[in-house]
Amino acid sequence: QVQVLESGGGLVQAGGSLRLSCAASGSIFTINNMAWYRQAPGKQRELVASITAGGSANYRDYAKGRFTISRDNANHMVYLQMYNLRPEDTAIYYCAADIYPEGGPVRLYWGQGTQVTVSS
């Protein structure tokens, strides 16, 4: 059984930094794209950043220059380093990964989310 678990959220003042981590575990054959999404209260879930297995990253405009996505393929991890946080970054952040489980088809797995709150 494959699981995805985020950690690293919390409360931070505007201008501060946080690093989110996401670990995929279980019977994993390989992982393709990994990504971070977020959902603010009353808003739809949106893609923040994504990264391919080869390390090519893409960001939403508001994340460019402030957020960095990275991954550790050997340990099935993905990270989101966030700098210069703003109150509008407050949201639940979700990790998502395209995972081929051993003996099964690829599918998108989601974590349960981690809360990030930025105070002004």
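## Salt bridges and a buried arginine

Me: What makes the pairing of Asp89 and Arg38 a salt bridge?
Reply: The two side chains meet at 2.9 Å, N to O. A salt bridge requires a side-chain nitrogen of Lys or Arg within 4 Å of a carboxyl oxygen of Asp or Glu. At 2.9 Å, the pair of Asp89 and Arg38 therefore qualifies. The pair ties together parts that are 51 residues apart in sequence, because Asp89 lies in the loop between strand S8 (77-82) and strand S9 (91-101) and Arg38 in strand S4.

Me: What kind of model is this, and what are its ground rules?
Reply: This is a predicted model: local features need pLDDT of at least 70, side-chain atom pairs count only at pLDDT 80 or more, and totals for chains, interfaces and linings use all residues. Residues are numbered from 1 along each chain as its sequence is written, and side-chain values use heavy atoms, with hydrogens and water left out.

Me: Why is Asp89 called buried?
Reply: Its relative accessible area is 1%. Buried means under 20%, exposed over 50%, and partly exposed in between (1.4 Å probe, protein chains only). At 1%, Asp89 therefore counts as buried. Arg38 is buried as well.

Me: What other partner does Asp89 have, and how far apart are the closest N and O atoms?
Reply: Asp89 also forms a salt bridge with Arg66, at 2.8 Å. This pair links distant parts of the chain: Asp89 sits in the loop between S8 and S9, and Arg66 in the loop between strand S6 (57-59) and S7, 23 residues apart. Arg66 has 5% relative accessibility, so Arg66 is buried.

Me: What does Arg66 touch beyond four places in sequence?
Reply: Arg66 touches Gln81, Met82, Tyr83, Asn84, Leu85, Arg86 and Asp89. Contact here means heavy atoms within 4.5 Å.

Me: How many salt bridges are there, and which residues form a network?
Reply: The count comes to five. Arg38, Glu46, Arg60, Arg66 and Asp89 are linked in a network of salt bridges.

Me: How do you know that Lys64 and Asp61 form a salt bridge?
Reply: Their side chains meet at 3.2 Å, N to O. That is within the limit, so the pair counts. Asp61 is at 62% relative accessible area, so Asp61 is exposed.

Me: Is Ala63 buried or exposed?
Reply: Its relative accessibility is 0%, so Ala63 counts as buried. Ala63 lies in the loop between S6 and S7.

Me: What polar partners does the side chain of Arg71 have?
Reply: It reaches the backbone oxygen of Asn32 at 2.7 Å. A polar contact of 2.6 Å joins the side chains of Arg71 and Asn73. The rule for such a contact is a pair of N or O atoms within 3.5 Å; within protein, one must be able to donate a hydrogen and the other to accept it, and residues adjacent in sequence count only if both atoms are side-chain atoms.

Me: Where do Arg71 and Asn32 sit?
Reply: Arg71 is in strand S7 (residues 67-72). Asn32 is in strand S4 (residues 28-39). Residues touching Arg71 include Met34, Ile51 and Val78. Those touching Asn32 include Arg71, Asp98 and Tyr100.

Me: Why is Asn32 called partly exposed?
Reply: Asn32 has 32% relative accessibility, which means it falls in the middle class.

Me: How many helices and strands does the chain have?
Reply: Zero helices and eleven strands. Both are DSSP runs numbered from the N terminus: helices are H or I with at least four residues, strands E with at least two.

Me: What makes the radius of gyration agree with a compact globule?
Reply: With 120 residues, a compact globule would be near 14 Å, and the protein chain has 14 Å, so the two agree. The radius is taken over C-alpha atoms, and the rule is 2.2 Å times the number of residues to the power 0.38. The C-alpha trace spans about 50 × 25 × 20 Å along its principal axes. Of the 120 residues, 40% count as buried.
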